[in-house]
Amino acid sequence: MAVAATTRIPTHVIAHLSDPHLLADGTLLHGRIDTAAQLRAALHRVESTDQRIDLLVLSGDLTDTGDPAAYRLLRELVEPVAARLHAAVVWTGGNHDERRPLAQVLFGVDTDAPQDTVTTVRGLRVIALDTAVPGHHDGGLSDEQLDWLARQLATPAPHGTVLVMHHPPIAYHSPWMQLLDFREPDRLRAMIGGSDVRAILGGHLHVTSFGTLGTVPVFVAGGVCYVDDAGAPPERLMALDGPQSWNLVEVHDDQVVGSVVPVARSETWPALNDEVRAYLAAVPTDRRRAVFARKHPPPDRSGEA
Ligand SMILES: [Fe+2]
Ligand SMILES: [Fe+2]
């Protein structure tokens with residue numbers, strides 16, 4: 001069996017946050033959630049990973065009501081973090097957003113048109129699609145948006161493409177959320193089949209969830225503000241003040257890996273103590289797996305009382 005000699009390092013790292021539902025006037029969401037505090041805490045966790053983050057992705061429901069002040073607050077909270085990380089920011093609208101104030105504050109344009117964007121970082125192309133349908137809570141893409149996407153995908157990117165869209169094209173178990181889902185997953189599936197799309201990042205469900213569209217994996221980031229209790233009966237739609245989270249998405253040459261990072265800090269302890277880490281650091285790289293992966297017999301406690 002081949003043994004990896006070195007640590008695998010992703011080509012690109014994405015911090016994927018979703019659904020901050022920002023309220024700028026201090027109002028608590030659902031009478032419970034301080035949305036600005038939640039986004040601050042999530043962004044602090046992103047910075048605290050102390051690893052390279054190439055892109056900060058926010059996949060919609062950026063604000064709860066489309067209030068321009070909430071978009072300004074979003075920029076105040078996100079942009080300094082992105083600057084310190086030297087990370088590109090990709091944000092797109094959700095059903096709780098409003099196109100015009102989003103376009104005005106985040107993109108500096110006065111329009112009701114969806115702000116679909118292409119951001120390329122060292123050969124990885126991230127295409128954000130605004131799936132919000134004005135006046136509705138379910139999602140979709142217009143013929144014009146799909147035509148635009150087809151034109152983008154006609155030319156592959158060196159490291160492939162990641163799509164960002166608020167409404168994930170997968171079936172969540174809540175019958176209520178299925179009424180608010182992405183309208184035409186079949187059209188999108190047909191379009192990205194055979195393209196260089198490697199992953200779809202979405203939100204909207206307020207719960208960490210995974211699925212596929214054709215052969216493309218779909219990663220849904222749990223809500224930054226509140227979470228849907230996926231353990232409740234599907235016909236209920238029960239919100240939780242926790243465990244809010246974001247997804248650390250690591251893109252390798254041959255795969256895309258998603259890991260869930262909880263926003264709240266719980267007590268931690270070193271699963272690998274300092275002595276072991278120091279010992280392994282002294283082992284040549286090509287010997288580390290052999291040394292670290294070998295199981296050791298449990299200590300003999302037969303003589304203990
Ligand atoms: Fe949401
Ligand atoms: Fe949503």
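For a compact globule of 305 residues you'd expect a radius of gyration near 19 Å, and the protein chain in this predicted model comes in at 21 Å, so the two agree. Buried residues account for 37% of the chain. As for contacts between residues at least 6 apart in sequence, 69% of them link residues at least 24 apart.

On the secondary-structure side, the chain has eight helices and 13 strands. Five of the strands make an open sheet with mixed pairing, and reading across it you get S3-S2-S1-S12-S13. S3 (88-92) and S13 (256-262) sit at the edges with a single partner strand each, so one side of each has no neighbour in the sheet. On average, neighbouring strands here are turned by 20° against each other, ignoring direction. Now zoom in on S1 (residues 12-17) and S12 (residues 245-251): they run antiparallel and pair over five bridges. Ala15, for instance, has Leu248 of S12 as its bridge partner.

Next, find helix H2 (residues 68-85) and helix H3 (residues 99-107). Their axes come within 9 Å and cross at roughly 30°, and the crossing is right-handed. Who touches whom? From H2 it's Pro68, Tyr71, Arg72 and Arg75, and they meet Pro101, Leu102, Gln104, Val105 and Leu106 of H3.

How values were computed. Residues are numbered from 1 along each chain as its sequence is written. Chains are lettered from A and ligands numbered from 1 in the order in which they are written. This is a predicted model: local features need pLDDT of at least 70, side-chain atom pairs count only at pLDDT 80 or more; totals for chains, interfaces and linings use all residues. Axes are lines fitted to C-alpha atoms, for helices over the stretch in contact, and angles run from 0 to 180 degrees between N-to-C directions. Helices (H or I, at least four residues) and strands (E, at least two) are DSSP runs, numbered from the N terminus. A crossing is left-handed if the near helix is turned anticlockwise from the far one by less than a right angle, and right-handed if clockwise. Two residues are in contact if their C-beta atoms, placed from the backbone, lie within 7 Å. Two strands pair if DSSP finds at least two bridges between them. The radius of gyration is taken over C-alpha atoms; the globule rule is 2.2 Å times the number of residues to the power 0.38. A residue is buried if 20 or more other C-beta atoms lie within 10 Å of its own, exposed if 12 or fewer, and partly exposed in between; C-beta atoms are placed from the backbone.
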